Amino acid sequence: MDLASVNEELAEIDGQIGDILRALQNGFQKLEKIKDANRRSRQLEELTDKMRDCKRLIKDFERVSKDEAGHTDPATAKMLHDRKQSMIKELNSYVALKKQQASENKRIDLFDGPSVEDGFGEENVQLASNMTNQQLMDQGNQLMDETDQAIARSKQTVHETINVGTETAAALKAQTEQMSRVVNELDSIHFSIKKASQLVKEIGRQVATDRCIMAMLFLIVAGVIAIIIVKIVNPHNKDIRDIPGLAPPVSRRLLR
């Protein structure tokens, strides 16, 4: 069945996956003919990138297939599923082949040494065979000196790393102490805020009391002012009890 008749996007993705799978097949065929370890590593990196792109496209194919499953018959849905499984199986085969080639490439790096294609391997063999015992000993001593120098550099690096670690630990300790001081200061500030809040409440209660006192003083002053006004209005009355309507009846009877 033609995928274009089912979904044009599926057909486009299928075509892209097919191109990548063919490129992977050709790439691994070329890889078997490459003997240089560096060239093999670069080729494997390129093939890995292609496999990563193929995996992404297969996920896109699966996503579109699921969206299309509700609009297609069971036979078409099965065909899409089988097509996806086929692509996954083929991609997995290239992944396994890539792991095998990568392990073989590591063995070449470890045991084979320089590539014969560059001419260095054969040249080294000829040079070693033409050297005298004294030259071989000198060469060995030179290699040992270089090894000792490399070890000394490694020790220096270790000492520098230890010094950096010590300085970092001291800085962390200082920062920890500073954080402890900050926490203590925050506790002091919290206590001060609590005391200030209590003081504000006491001041509020005192202000309320003062307002009551002021109200009472205002009433007293108002009474005094009222008496003064009455005296001014009735200057002949010496006593407030003589003012009509102000003295109670009992007081009037006593006055009589």
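Asp-14 is buried, with a relative accessible area of 16%; here buried means under 20% relative accessible area, exposed means over 50%, and partly exposed lies in between (1.4 Å probe, protein chains only). The model is a predicted one, in which local features need pLDDT of at least 70 and side-chain atom pairs count only at pLDDT 80 or more, while totals for chains, interfaces and linings use all residues. Residues are numbered from 1 along each chain as its sequence is written, and side-chain values use heavy atoms, with hydrogens and water left out.

**Asp-14 and its surroundings**

Let's stay with this aspartate for a moment. Asp-14 sits in helix H2, where helices (H or I, at least four residues) and strands (E, at least two) are DSSP runs numbered from the N terminus. Which residues does Asp-14 touch, once its neighbours within four places in sequence are set aside? They are Leu-3, Phe-61, Arg-83 and Met-87, with contact meaning heavy atoms within 4.5 Å.

Arg-83 is also its salt-bridge partner, at 2.6 Å from N to O. A salt bridge is counted when a side-chain nitrogen of Lys or Arg comes within 4 Å of a carboxyl oxygen of Asp or Glu. This pair joins distant parts of the chain, since Arg-83 belongs to helix H4 (residues 74-112) and Asp-14 to helix H2, 69 residues apart. Arg-83 itself is partly exposed, with a relative accessible area of 28%.

**Salt bridges elsewhere**

By the same rule the count comes to eight salt bridges.

| Pair | N to O distance |
|---|---|
| Arg-83 and Asp-14 | 2.6 Å |
| Asp-49 and Arg-52 | 2.9 Å |
| Lys-78 and Asp-82 | 3.0 Å |

Why are Asp-49 and Arg-52 separated by about one helical turn? Because they are three residues apart in helix H3. Asp-49 is partly exposed at 40% relative accessible area, whereas Arg-52 counts as exposed at 52%. Lys-78 and Asp-82 are likewise separated by about one helical turn, being four residues apart in helix H4. Lys-78 is exposed at 53% relative accessibility, and Asp-82 is partly exposed at 37%. The background is that an α-helix has 3.6 residues a turn, so residues three or four places apart point the same way.

There is also a network of salt bridges linking Glu-62, Lys-66 and Lys-84. Lys-66 lies in helix H3 (residues 37-69) and is exposed, with a relative accessible area of 58%. From Lys-66 to Ala-77 is 11 residues in sequence and 8.7 Å in space, C-alpha to C-alpha.

**Two annotated stretches**

UniProt positions follow the numbering used here, feature names are shortened, and annotations may be inferred rather than shown by experiment. UniProt places a "coiled-coil region" at residues 37-64. Over that span the chain is 100% helix and 0% strand, with end C-alpha atoms 41 Å apart.

The "transmembrane region" annotation covers residues 213-233. This span is 100% helix and 0% strand too, and its end C-alpha atoms lie 30 Å apart. Which residues make the nonpolar surface patch of about 690 Å²? It is built from Ile-213, Met-214, Leu-217, Ile-220, Val-224, Ile-228 and Ile-232. Patches take residues with over 30% relative accessible area and no salt bridge, joining like charges within 9 Å and nonpolar side chains (Val, Leu, Ile, Met, Phe, Trp, Tyr) within 5 Å. Met-214, in helix H6 (residues 133-233), counts as exposed at 54% relative accessibility.

**The chain as a whole**

Stepping back, the chain has seven helices and zero strands, giving the pattern α-α-α-α-α-α-α along the sequence. Of its 256 residues, 17% count as buried. The chain exposes about 19800 Å², with carbon and sulfur atoms supplying 58% of it; accessible areas come from the Shrake-Rupley method with a 1.4 Å probe, and for residues only the protein chains shown count as cover. Among contacts with a separation of 6 or more, 65% come from residues 24 or more positions apart.
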